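Subject: Structure for you, with notes

Hi there,

Here is the structure I promised to pass on. Please open it alongside this email, and my notes on what turned up in it follow below.

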Amino acid sequence: MFDILFRGAKIVDGSGAPWYRGDVGVSNGRIAAVGKLSKESANQVIDVCDRVLCPGFIDVHTHSDFIVFRDPVMLSKLRQGVTTQMVGQCGQSAAPVNEKYAELLESYLGFIMAGTKISWNWKTFDDWLKEVEKLPLAVNMATCLGHGTLRAAVMGFEDREASPQEMEQMKDHLREAMEAGSFGLTSGLIYPPGVYAPKEEMWSLAEVLGETGGLYLTHMRGESGGLLEAVAETIELGRRAGIPVQISHHKALGKDNWGLVTQSLQMVDKARAEGIDVTIDQYPYNNCSTSVRACLPPWAQAGGVHAVCERLADPGTRAKIAEEIKVSLDTSKPCGWESMLRHGGGAAGALVVYCPNTPQWEGKNLQEISAAMNVDPVEAAFRIIESNKGSDLACYAAIGDEDIKTILGHSATMVGADSIPPAEGAKAHPRSFGTHSRIIAKYVREEKTLTLESAVHKMSGMPAARFGLQRKGLIREGMDADILVFDPEKVQDNATYENPTLLASGIDYVFVKGVKTLDGESFTGSAAGEVIRKGR
C-alpha cells in the first residue's frame, strides 16, 4: 500500500536516458517503487494519462536569500516546476554580518533584497540558516556563502588587498559556513567588494574549500572582452586547489564579443580532459540583469553606495565618471572594465526595472528616461542611482541568441535562472518567473535545441549530482519524491520584459517530498520544503 501511486506515466527520469512508460509508488516522502505497478494499491492514485513524470527541477542559481522571508511559498518557482533552489550566488549572501559594516552590506544587497524588510538578527551563516528554517518553505533551499558578503564582514568595501590577519578571518568565516551546511563559495568579481580581490585571495580561500569539500561558483572577472582570460582564471583556481569550479550564467556580453563562447567552451572541454572539474550554468534570455550601478567603472563604486553618492555629489568626479562611461561606449576600442551600457548597445538597451524611490521610471529604458528628464542618458543613470541609494535594478540587452543555444547544448551546462526577485508591485527580469518553463517551451518544443530528456537532465539529475544532493534529481527507488507531472506541449513561460511577473503555466502537479504542493495552477497550502544543509 503506497501513499501515492502515479499510473501510466511517460517517465523522464532525470538521468538523460530515453523516456519509458511506467508507474511510480511513493511512501513516506520517498519513491518506493518504479515499474509496472498495476496490481498495487495506494491511498491516492493519480492517473498520469501518458503525460510526463519527472524529478522536480533544481534551480542552481537564484538570489532568493531574502525574498523567502516575505514569500516562503515562492509560487513563481513552483509554477515552473522548481522544487529546490540554490541561493547565495554571485558573491552575495545574507551572512556573515559584521555590525560595523551592516549599513554598507544592506546597500550592497539592496537590489536582491527587493524591498524585503529584514531585522538582521543573525551574525553567522548558521544563525541565518536557523532563521530560514523557521519559515514554512514550499520549495527546498540549499545555500552557498558569498565572497562579497564575506569580504565586507571583514574589511568593508575597501579597495585593497586583505592583510594576513584579514585573510585568516575570512577563512574562519568560510569554515564556519561550510560546517553549517553551505555547499560552497560564490564570487562576484565584477562587483565591489569582490572586484578588489586579487586572484591570490581567491586561491587562498579555495584551499578551505579543498579541506571542506566545497564547490567554487563564480560570476567571473570578465564576461565580455576579457571573457577568455576570466575562464582561464577560473580553471587555474580549480587546478591549483583541486576543487570543482562552476562558471555562473556563462555568456559573452556585448555584440562585439558574441561568438567568443565557442572558444570558452573549448577551454572548458580541454580542462575537463585534463581532469579539472569545470561546469557551467546558464539562463536562456538575451538580456542580463544587475544593478543600474553596474554601468559605473569599478573605482567609482569603492566604499559602497554611500561613497558612490558622495563621488557623484562632487562636480569634478561626476564629470570624470561620466566621461569614462561615454568613452567605454566606443566599441571600436577595447574597454578594460565591464561597462554595462556598452554591452547593452547603449541607453536604449538599458531597461530600468526597479527603482522604488523613482517608480515613474520603472519599465522604461535610459533613452526614454533621459528624454523625459531632458538630460543625457548617463546623467539620467546618475540621478536614479542617487535617488534610490542601492535599490536599483536594470536589464541590459547584451547576449546573442546563437551564443545562448551554443552554451545550452554543451554537455557541461545546467540551467540556473539567476533570478533576482521583484519588489512588491515592481518589475524584474522575466527569468525569475519563466526560466525553466522557457527551456521546455522554446528550446525543446519550438527550436529543438535540446531533447526533453536532455533538458530535464540539465534541470534535475545533473545539478543534483553537481551539488551532492544525494536524494534529489532522479526517479529512482529511495529518492525524495520531488515529482512533476506535465504535458510538454502545454508548458509555457508567460513572463515578458513588459509583464515580467506573469506566472508560468502547464505544470499539472508539483510534489515536494511526496506532498502535493501545486495542483494545476494553485498552491495547495502544504509546505514541505526544507533547508538542505550539505552533509546532513
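**The parallel sheet**

Ser-187 has Thr-218 in β11 as its bridge partner. This is a predicted model, in which local features need pLDDT of at least 70 and side-chain atom pairs count only at pLDDT 80 or more, while totals for chains, interfaces and linings use all residues. Residues are numbered from 1 along each chain as its sequence is written, and side-chain values use heavy atoms, with hydrogens and water left out.

That bridge belongs to the pairing of strand β10 (residues 184-188) with strand β11 (residues 215-219), which run parallel and are joined by five bridges. A word on terms: helices (H or I, at least four residues) and strands (E, at least two) are DSSP runs, numbered from the N terminus, and two strands pair if DSSP finds at least two bridges between them. As background, strands of a sheet pair through backbone hydrogen bonds, either parallel or antiparallel.

The open sheet here has six strands in the order β9-β10-β11-β12-β13-β18, with parallel pairing. At its edges are β9 (145-146) and β18 (413-415), each pairing on one side only. Helix α10 (residues 260-273) lies across β12 (245-247) and β13 (278-282), and runs at about 145° to β13. For that angle, axes are lines fitted to C-alpha atoms, for helices over the stretch in contact (heavy atoms within 4.5 Å), and angles run from 0 to 180 degrees between N-to-C directions.

**The antiparallel strands**

There is also an open sheet of four strands, ordered β14-β17-β15-β16, and the pairing in it is antiparallel. Its edges are β14 (287-290) and β16 (364-365); each has a single partner strand, so one side of each is left without a neighbour in the sheet. Strand β15 (residues 350-354) pairs with β16 in the antiparallel sense over two bridges, and Leu-351 has Asn-365 in β16 as its bridge partner.

Strand β20 (residues 507-512) pairs with strand β21 (residues 515-519) in the antiparallel sense over four bridges, with Tyr-509 opposite Asp-519 in β21. Two residues separate β20 and β21 in this hairpin, and Lys-513 in the turn has a positive phi of about 50°. β21 also pairs with strand β22 (residues 522-523), again in the antiparallel sense, over two bridges, and here Leu-518 stands opposite Phe-523 in β22. The hairpin of β21 and β22 has two residues between the strands as well, and Gly-520 in the turn has a positive phi of about 65°.

**A helix pair**

Helix α8 (residues 199-212) packs against helix α9 (residues 227-241) at an angle of about 35°, and their axes are 9 Å apart. On the α8 side the contact is made by Lys-199, Met-202, Trp-203 and Ala-206, and on the α9 side by Glu-233, Glu-236, Leu-237, Arg-240 and Ala-241. These residues divide into five nonpolar, no polar and four charged (Ala, Val, Leu, Ile, Met, Phe, Trp, Tyr, Cys and Pro count as nonpolar, Asp, Glu, Lys and Arg as charged, and the others, Gly among them, as polar).

**Some buried residues**

Asn-140 sits in strand β8 (residues 140-143). Asn-140 counts as buried because its relative accessibility is 0% (buried means under 20% relative accessible area, exposed over 50%, partly exposed in between, with a 1.4 Å probe and protein chains only). Leaving aside neighbours within four places in sequence, the contacts of Asn-140 include Thr-83, Lys-472, Asp-482 and Glu-530.

Ser-328 is in helix α12 (residues 315-328) and is buried, at a relative accessible area of 4%.

**Cysteines**

How many disulfides are there? The count comes to zero, where a disulfide is a pair of cysteine sulfur atoms within 2.5 Å. For Cys-144, the nearest cysteine sulfur is that of Cys-90, 11 Å away; Cys-144 is buried, with a relative accessible area of 0%. For Cys-295, the nearest cysteine sulfur is that of Cys-335, 12 Å away, and Cys-295 counts as buried at 1% relative accessibility.
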